[in-house]
Every structure is written in C-alpha cells, then in structure tokens.
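Here's a quick tour of a protein model, taken a couple of spots at a time.

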Amino acid sequence: MESKFCKSRRDLLKSTCGLVGATALVSIGGSLSAFAGPGAMPRPKDNGVPLVGDTFVFGDGQRKGNVVFLEDLVIGGPPVVAQAKDAASGTVRESDHSTVLLLRLPPEKVPPELKEDAAQGVLAYSAVCTHLGCMLTDWVENKKLFRCPCHEAMFDPMQAGKSTGEGPSSRMLPILPLKVEDGKLVVADVFTGPVGPKRG
C-alpha cells in the first residue's frame, strides 16, 4: 500500500517535471523560431501607417468612411481629416498613424520644395503631433497653421510642417507624398519621416 508521503512526493515530482518540460518547450520554441522558414511564424502587424497605393476616406463628419476625391477638397479651405484605406482589401487602417490632414492649395502656391510631394495642390501631413502624440484637431484659420489642442504646438504646412516655435518645440510633421488616380487621392510613397513623437 502506498503511503501518503510517497503519493504526495510523486505528485510533486510530476508537477516539477511538467513545469521543467514546459519551460524547455518555451525555450526551444523561441530558439526554433529564429530558424523557421518563411511563413512559419506570423508576420508582425504594421503600425497602421499608409502604404503606397492606399486611398483615403473621410475620418470624421457626415461623410466619415466615404472615399475622398480631389474634387471634395476646397482650394484654400481648411484641412480635411482622412484615414488611409488599403486599396487591395478595402480595409480602413484604424490607427492614428494612418490619419492625415489633407490641405488643398492653389497649385501655383505650393512651395517649390513641396511640389514633388503634392498632387494637384494637395498636401498630406501626419495628423499626429510630434511633441507627445496628440491628434492635431485644430486649424488656426487666420494664420493657416495646424495646432495641437494638448500643448498648443503649431505647425506651418507652407514650411514643410515646420514647428513655428509657439508651444513646445517639436520636430516637423512628416509629409505623405500623393498622386491622383481616377480622381482619387492615392499614396505615392511613404512618409518623409517618423510619425508622432521621437521614441527612445
């Protein structure tokens, strides 16, 4: 007849062996993933930034979710908040990093250094403040500046998104190069710099 001590000792050993075995499997699994062939491990998700070929949808207001066409943007009007939409799947990229401010200028008023990134007078700037990552929801009409509602940093779209020095000092806003295809605004290249505040 088995004693209670032997039974509990055996149960303890089984538990310990199970724990050691599980730990070994985790370690081995971690090592094996480094040697796994292509497609063996899930790819990391992108952080939602627009990709070349993406189109745009309105990010807010009554037309939220509708595709943005060039003719929807008023020349000289306030910026329009838009989100990138994967052209292949039709999925809207649900991330602050995919949100841009579309501003349409008269083509002749686009500064020479920005013409390459503009599409028929339209510029697209990241809507994420480079100070602490708040969304740039304010537009100062009389100065034609983007303003962050969190700490009042301001950015000048006519100077490549440069911080004006009002509010906290911040990096310039990255620009998303555009083109027009079939009347739609389309991403032509990646952002000119990192989106949001500097990390590390």
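Let's start with Ala-84, which is buried, because its relative accessible area is 0% and anything under 20% counts as buried. Keep in mind that this is a predicted model.

**Ala-84**
- You'll find Ala-84 in strand 2.
- Pro-50 sits 34 residues away from Ala-84 in sequence, yet their C-alpha atoms are 5.5 Å apart in space.
- Leaving aside residues up to four places away in sequence, Ala-84 touches Pro-50, Asp-54, Thr-55, Phe-56, Thr-91, Val-92, Arg-93 and Ser-98.

**Gln-83**
- Gln-83 is part of strand 2, which covers residues 80-85.
- Gln-83 has a relative accessibility of 11%, so this residue counts as buried.
- Look at where its side chain goes: the side chain of Gln-83 reaches the backbone oxygen of Arg-93, at 3.4 Å.
- Again skipping residues up to four places away in sequence, the contacts of Gln-83 include Thr-55, Phe-56, Val-57, Gly-59, Ser-95 and Thr-99.

- Strand 9 (residues 178-181) and strand 10 (residues 184-187) run antiparallel, and four bridges join them.

Key. Residues are numbered from 1 along each chain as its sequence is written. This is a predicted model: local features need pLDDT of at least 70, side-chain atom pairs count only at pLDDT 80 or more; totals for chains, interfaces and linings use all residues. Side-chain values use heavy atoms; hydrogens and water are left out. Helices (H or I, at least four residues) and strands (E, at least two) are DSSP runs, numbered from the N terminus. Buried means under 20% relative accessible area, exposed over 50%, partly exposed in between (1.4 Å probe, protein chains only). A polar contact is a pair of N or O atoms within 3.5 Å; within protein, one must be able to donate a hydrogen and the other to accept it, and residues adjacent in sequence count only if both atoms are side-chain atoms. Contact means heavy atoms within 4.5 Å. Two strands pair if DSSP finds at least two bridges between them.
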